[in-house]
Amino acid sequence: DAGVIQSPRHEVTEMGQEVTLRCKPISGHNSLFWYRQTMMRGLELLIYFNNNVPIDDSGMPEDRFSAKMPNASFSTLKIQPSEPRDSAVYFCASSFVSSGANVLTFGAGSRLTVL
Amino acid sequence: KQEVTQIPAALSVPEGENLVLNCSFTDSAIYNLQWFRQDPGKGLTSLLLIQSSQREQTSGRLNASLDKSSGRSTLYIAASQPGDSATYLCADTGNQFYFGTGTSLTVIP
């Protein structure tokens, strides 16, 4: 398997623009996670899905952020409108959450810069 | 919400030293403890996983242990090398999926 695939790897946009980040989890995994990493706040859990259903979105900072998982092989994280304080690295991770070993595997991240 | 604390925040050691990184959870009901490594500008790479029925795991020079009664885990690195320089993070990846802020390790040749 190619691992967790994220796109784009880098995005530079202007304040007020819509940003869409994409993630393809590892095939067979039943859970998908979106994290945001900044120097100030570290790695923050934004939302996670289990079997395509959002389970915990308490980490989504504002209504400007939304996430979808229309099927088991694709998820998006959207920011509309974007603001400079949204600049961060956004990671997607996936796992097969069960009663056994739950190994969380991360993608390479999408670095977002909002000017 | 689970709070994860990692101590120390930064550590600098000469090559060859053994070292211990610490991780503690406010909620000791840890289901699945995973240690990760992150190199600058890169994603997270899984190092070790301790399942709910286990107390420790070893991989090469790395050994991780988990004390559920206290909600603490330690990562032991033996005979450190410059290539071990990175940030190390821990998380309960079976239950709440929250991460600590990490320990930044520098191994000096």
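The lining of the second largest pocket is made up of 6 nonpolar, 6 polar and 5 charged residues. This pocket belongs to a predicted model, and about 340 Å³ of space lies in it. Its lining has 17 residues. Nearest the centre of the second largest pocket are A:Leu43, A:Glu44, A:Leu45, B:Lys1 and B:Tyr98. Strand β5(A) gives the most to this lining, with 5 residues.

The largest pocket holds about 480 Å³ of space. Among the residues that line it, A:Gln37, A:Thr38, A:Met39, B:Gln38 and B:Thr87 lie nearest its centre. Two or more lining residues come from each of β4 (31–38), β5 (42–50) and β9 (88–95) of chain A, and from β9 (86–92) of chain B. By class, the lining of the largest pocket divides into 9 nonpolar, 8 polar and 3 charged residues.

| Pocket | Space | Lining |
|---|---|---|
| Largest pocket | about 480 Å³ | 20 residues |
| Second largest pocket | about 340 Å³ | 17 residues |

Empty space of this kind is shown by rolling a probe the size of a water molecule over the atoms.

The confidence of the prediction is given here for chain B. Its mean pLDDT is 91, and 99% of the residues of chain B reach 70 or more. In chain B, strand β10 (residues 103–108) has the highest confidence, at a mean of 97, while strand β1 (residues 4–7) has the lowest, at 91.

How values were computed. Residues are numbered from 1 along each chain as its sequence is written. Chains are lettered from A and ligands numbered from 1 in the order in which they are written. This is a predicted model: local features need pLDDT of at least 70, side-chain atom pairs count only at pLDDT 80 or more; totals for chains, interfaces and linings use all residues. Side-chain values use heavy atoms; hydrogens and water are left out. pLDDT is the predictor's confidence in each residue, from 0 to 100. Helices (H or I, at least four residues) and strands (E, at least two) are DSSP runs, numbered from the N terminus. On a 1 Å grid over the protein atoms alone, a cavity is a set of points where a 1.4 Å probe fits but cannot get out, and a pocket is an open set with protein on both sides within 12 Å along at least five of seven lines; lining residues have an atom within 4 Å of a point. Grid points are joined across faces, edges and corners, and a volume is the space filled by probe spheres set on the points. Ala, Val, Leu, Ile, Met, Phe, Trp, Tyr, Cys and Pro count as nonpolar, Asp, Glu, Lys and Arg as charged, and the others, Gly among them, as polar.
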